[in-house]
Amino acid sequence: MAWQGQLSKNLKELRILLCQSSPASSSARAFVGNNYKNLKSLNPKLPILIRECNGTEPQLWARYDMGVERGIRLEGMSEAQISKALQDLGKMGAGLKA
């Protein structure tokens, strides 16, 4: 997916918050397990922070230029929906630069 390699051009930081054991975070855990290595290899200078804390609701946060942040709640989303949400956050960053 070509958009994954463009994340570092539009984002300053990516944070994924999740719980290590809750069912609500299961898709977020699977997304991290299946995609982190590829995302990091395509965006080696982009900070990708994985924050695990018991009881935390799964969220995806993107930080853009000038400290602007956008977040999305991931509860109830599939891996494919999380991937789409990340793609949308990346596109949003391109729009903020214009």
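**Entry 1**

I started with R73, which counts as exposed at 54% relative accessibility; here buried means under 20% relative accessible area, exposed over 50%, and partly exposed in between (1.4 Å probe, protein chains only). This is a predicted model, where I take local features at pLDDT of at least 70 and side-chain atom pairs at pLDDT 80 or more, while totals for chains, interfaces and linings use all residues. Residues are numbered from 1 along each chain as its sequence is written, and side-chain values use heavy atoms, with hydrogens and water left out.

What does R73 pair with? I found its side chain in a salt bridge with that of E57, 2.6 Å from N to O. The term asks for a side-chain nitrogen of Lys or Arg within 4 Å of a carboxyl oxygen of Asp or Glu. R73 sits in strand β4 and E57 in the loop between β2 (48–52) and β3, so this pair, 16 residues apart, links distant parts of the chain. E57 is partly exposed at 29%. Helices (H or I, at least four residues) and strands (E, at least two) are DSSP runs, numbered from the N terminus.

**Entry 2: the other salt bridges**

I searched the whole structure and got six salt bridges. One of them joins K12 and D65 at 3.3 Å, N to O. K12 lies in the loop between α1 (7–10) and β1, and D65 in the loop between β3 and β4 (69–73), so the pair ties together parts 53 residues apart in sequence. K12 is partly exposed at 41%, and D65 is partly exposed at 35%.

D88 and K84 meet at 2.8 Å, N to O; being four residues apart in helix α3, they are separated by about one helical turn. I also noted a salt-bridge network that links E13, R15, R63 and E69.

**Entry 3: the core**

I looked up the largest nonpolar core next and found 20 residues. Such a core is a set of buried Ala, Val, Leu, Ile, Met, Phe, Trp, Tyr and Cys residues joined through side-chain atoms within 4.5 Å. L7, L11, I16, F31, L39, L60 and L86 have the most contacts inside this core. β1 (13–18), α2 (26–42), β3 (59–63) and α3 (79–97) each supply at least two of its residues.

Leaving out residues up to four places away in sequence, L7 touches L39, N43, L46, L86 and G90, where contact means heavy atoms within 4.5 Å.

**Entry 4: cysteines**

How many disulfides are there? I counted zero, taking a disulfide as a pair of cysteine sulfur atoms within 2.5 Å. The sulfur of C19 is 7.8 Å from the closest cysteine sulfur, in C53, too far for a bond. C19 is buried at 2%, whereas C53 is partly exposed at 44%.
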